[in-house]
Amino acid sequence: MAGIDDPDEDLVRRVGQGDPAAIQAMVARKLPRMLALAQRMLGDPVEAEDVAQEAMVRAWRQAPRWVPGKAKFDTWLHRVALNLCYDRLRRRRESPTDTLPERADDSAAPDRGLLAADVGLRVDAALARLPGRQREAIVLCHYQELTNIEAAALMGVSVDALESLLARGRRALRQALTDLAPEGVRERIEGGR
């Protein structure tokens, strides 16, 4: 059985050898995606930076021991970042707080520039309300641009299970954001066309 073709194999090998240019290249290539993943999963830019940096530190530490051909390095790195996100989400649930979280202002934005920001906030808020596995599937496929096969492998589920999570997540997002769609678009969404 042939090993998995990994586009990062040479880069990881060089990072494992301590090549400063390779380390810099890995950070430039992977950090923005890990930051985006953590931001979507956690909804907190400070925590997202911490997670992304910790994922990169773990990648740097793992590089000398990385065995090519068993899995893609990018898939492993995504799993590390997701696990770090889930650790933080678990800690949030476990620690009681005396203050209520701030709520986004649902009123109409005063101008078009703010409207786009408001829509983005509404989408992020709706995404944050999804069950964890649905949010993870949507983040991996739509925001991280992984294929369904890659995302399913990363999540440890079948492609059919991933597609079911995606469908339920999309349906929940569509329902939560239906007021944002123009009338004609809303009819197509609700009509399933």
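A crossing of two helices is left-handed if the near helix is turned anticlockwise from the far one by less than a right angle, and right-handed if clockwise. The term comes up at several stops below.

**Before you start**

The model is predicted, so local features need a pLDDT of at least 70 and side-chain atom pairs count only at pLDDT 80 or more, while totals for chains, interfaces and linings use all residues. Residues are numbered from 1 along each chain as its sequence is written, and side-chain values use heavy atoms, with hydrogens and water left out.

**Stop 1: the whole chain**

Select the protein chain. It holds 9 helices and 0 strands; both are DSSP runs numbered from the N terminus, helices being H or I with at least four residues and strands being E with at least two. From the N terminus on, the order of elements is α-α-α-α-α-α-α-α-α.

Of the 193 residues, 31% are buried (under 20% relative accessible area; exposed is over 50% and partly exposed in between, with a 1.4 Å probe and protein chains only). Next come contacts, meaning heavy atoms within 4.5 Å. Among contacts with a separation of 6 or more, 61% join residues 24 or more positions apart.

**Stop 2: colour by confidence**

Colour the chain by pLDDT, the predictor's confidence in each residue, from 0 to 100. The average is 82, and 79% of the residues score at least 70. Select residues 108-112: here the pLDDT is below 50, and the stretch has 2 contacts in the model beyond near neighbours in sequence. Then select residues 184-193, where the pLDDT is also below 50 and 7 contacts are found beyond near neighbours in sequence.

**Stop 3: α2 and α3**

Select residues 20-42 for helix α2 and residues 45-62 for helix α3; they pack at an angle of about 140 degrees, with axes 8 Å apart. Axes are lines fitted to C-alpha atoms, for helices over the stretch in contact, and angles run from 0 to 180 degrees between N-to-C directions. The two helices are therefore oblique to each other (under 35 degrees counts as roughly parallel, over 145 as roughly antiparallel, 65 to 115 as roughly perpendicular, and the rest as oblique). The crossing of α2 past α3 is right-handed.

Show side chains where they meet: on α2, residues including Ile23, Met26, Leu31 and Leu35, and on α3, residues including Val51, Ala52, Met56 and Trp60. This contact has 15 nonpolar, 2 polar and 3 charged residues. Nonpolar covers Ala, Val, Leu, Ile, Met, Phe, Trp, Tyr, Cys and Pro; charged covers Asp, Glu, Lys and Arg; the others, Gly among them, are polar.

**Stop 4: Lys30**

Stay on helix α2 and select Lys30. Is Lys30 buried or exposed? Its relative accessibility is 5%, so Lys30 counts as buried. Not counting residues up to four places away in sequence, Lys30 touches Asp8, Met56, Asp74 and Leu77.

**Stop 5: α2 and α6**

The crossing of α2 past α6 is right-handed. Leu37, Arg40 and Met41 of α2 meet Arg135, Glu136, Val139, Leu140 and Tyr143 of α6. By class, that contact has 5 nonpolar, no polar and 3 charged residues.

**Stop 6: α6 and α7**

Select residues 132-143 for helix α6 and residues 148-155 for helix α7, which pack at about 140 degrees with axes 9 Å apart. They are therefore oblique to each other, and α6 passes α7 in a right-handed crossing. Arg133, Glu136, Ala137, Leu140 and Cys141 of α6 meet Asn148, Ala151, Leu154 and Met155 of α7. The residues here divide into 6 nonpolar, 1 polar and 2 charged.
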